[in-house]
Amino acid sequence: MSATGDELATVFRRECGLCTATLIRILGDVELAEDAVAEAFAIAAEAWPRSGTPPNPGAWITTTAHNRAIDRLRRESSRSGRHLAAHRLLEANMESEPNPELAEFDDFVDVVADDQLRLMFLCCHPALGVDAQVALTLRLLGGFKTPDIAKAFLVAEETMAQRLVRAKRKLRDNHAPYRVPSAAELPDRLHAVLAAISVVFTAGHTAIRGDELLRVDLCDEAIRLARVVVELMPDEPEALGLLALTLLTDARRDARTDADGRMIRLADQDRARWDRARIAEGHLIMRACLRRNQPGMFQIQAAIAAVHADAATAAATDWRQIVALYDQLFALRPDAVVAINRAVAIGELDGPGAGLLALELIDADGVASYQPFHATRADLLARSGRREESDAAYSRAIELTENPIERRFLTEQRAC
Amino acid sequence: MPQYLMSVWHDDEYVVDFESPDAQRMFAQVGALNKEMMAAGVWVFANGLMPASSATTFTSEGGKVSMIDGPYAESKEQMGGFWVIEAADLDAALGWARKATVACEDAVELRPFQAEVPAPKQ
């Protein structure tokens, strides 16, 4: 049996982050680990079609990458013996100056489940900005290529490459520890990890640009990462909440655009095209969350998605329940994004006039350049019969929209 | 152990009135933090600086030295003092920097040193 390109791609998606995470622990250096894993996959691409995929491809990659890294260190250490000590990240219980005995590392490499978690916490270190956290997470844990990450976040490839290099250097120069944070730090640190995963999902879910494959990859990766967190930290209700939220939202993927690529609003979607398996899994997780009774923002958002998923038709949506959930969410996170969604729900429950009143609570200066505010306002104004104001709001929303699919949708809304 | 600089930044115009209750409170807070750092074995050095206007700046080109009256950067924000600390890792250092900005009531910038300075031989 010989390995196909697809098979290698599957192994890559599944194992790349785990192998990188393990090698960072052993080598103490992010870039060295990253390069070695890339090299091992290149070797696999040559060898596997001839010899077949090994029985444990992950271990094969990790061991090969490890041997390559050691070879390289041996070559470099003859040039500069201090290389390792200078570049090594600190491990949790490292007592003295790191001085690894290279011989110990030959042959077998032990893979620890915690490694992926350590890497998540490293990528989402609070000393990094959110942009850098998200980029590092996709690069190191998802194995995404820099040009793809750049495309997903609408920045130049060079800018993204620089962002990644700077982030890795900052962590190294600052002696960032490679460990799962202590119980005291955990809530804040875990929230940063979950927030980064949620940004990855949103980048994939919100149609930013036409690259459909990349968008699906981003959503799938966010769900995969959320699963890893849940698997390794099963007692964290917010991790469960994020997984449920991504599953329930992603369930609508196929129903969100029509055959011509036009955007379809939630209310107009063909609910038969929603992914029932994802919805069922999301519901199951939400029930487990409810039993724990420790609500947080991801769980509440997941609960809102679950209420939508429960409705057989748009008209059957339990808006009272959704408004109550948005009230709860707004109490936790009183920002414009939540306020706008809350106004939409109030508009459904009590009519567009009530929705507009709810929008008035938002500081207009703060949302002057925020597209969803203008799009929501335009819709509520149109439904209140305030045509002229609605047209103006639609025009402003269209100006602020980069995505052609969404721009087309808004332009059609304005016309009707 | 890695060493970090925690520099304190404030407006150039800033003048400390040592007698004022605000300054007294701040000194007491910083003094308490210094003690806590010493007890934890973190404290290497700390002190406040005289105003930026008291600085003299030196530059050299090909061995020829020029001297200018004033700070190097003509900036509105100037360094007002600093700590040098020794911490296990970045997470520990971040914890001290959080305490530092509360104690001195100013912006604090945390930056790692390139390498650890060896302790002087006894």
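Biologist: Which helix of chain A does Glu31(A) lie in?
Modeller: This is a predicted model: local features need pLDDT of at least 70, side-chain atom pairs count only at pLDDT 80 or more, and totals for chains, interfaces and linings use all residues. Residues are numbered from 1 along each chain as its sequence is written, while chains are lettered from A and ligands numbered from 1 in the order in which they are written. Helices (H or I, at least four residues) and strands (E, at least two) are DSSP runs, numbered from the N terminus. Glu31(A) falls in the run of residues 30–51, helix α2.

Biologist: How does Glu31(A) count: buried, partly exposed or exposed?
Modeller: The cut-offs are 20 or more other C-beta atoms within 10 Å for buried, 12 or fewer for exposed, and in between for partly exposed, with C-beta atoms placed from the backbone. Glu31(A) has 15 such neighbours, so it counts as partly exposed.

Biologist: Which residues is Cys123(A) in contact with, leaving aside its neighbours within four places in sequence?
Modeller: Contact requires C-beta atoms, placed from the backbone, within 7 Å. On that basis the partners of Cys123(A) are Gln133(A), Leu136(A), Thr137(A), Leu140(A) and Leu141(A).

Biologist: What percentage of the 416 residues in chain A are buried?
Modeller: Chain A has 19 helices and two strands. Of its residues, the buried share is 42%.

Biologist: How do α15(A) and α16(A) run relative to each other: roughly parallel or roughly antiparallel?
Modeller: Axes are lines fitted to C-alpha atoms, for helices over the stretch in contact, and angles run from 0 to 180 degrees between N-to-C directions. The axes of α15 (residues 336–350) and α16 (residues 352–360) of chain A come within 6 Å and cross at roughly 155°. Angles under 35 degrees count as roughly parallel, over 145 as roughly antiparallel, 65 to 115 as roughly perpendicular and the rest as oblique. That makes α15(A) and α16(A) roughly antiparallel.

Biologist: How many bridges join β1 and β5 of chain B?
Modeller: β1 covers residues 3–11 and β5 covers residues 77–86. Asp11(B) stands opposite Glu77(B) in β5(B). The pairing is antiparallel, and its bridges number nine.

Biologist: In the hairpin of β3(B) and β4(B), which residue takes a positive phi?
Modeller: β3 (residues 56–61) has zero buried residues among its six, so it lies largely in the open. β3(B) pairs with β4 (residues 64–69) in the antiparallel sense over six bridges, with Glu61(B) opposite Lys64(B). Two residues sit between the strands, and the positive phi, near 55°, belongs to Gly62(B).

Biologist: Which helix gives the most to the side of chain B that touches chain A?
Modeller: The contact takes six residues from chain B and seven residues from chain A. Three residues of the chain B side come from residues 90–104, helix α2 of chain B.

Terms used. Two residues are in contact if their C-beta atoms, placed from the backbone, lie within 7 Å. Two strands pair if DSSP finds at least two bridges between them.
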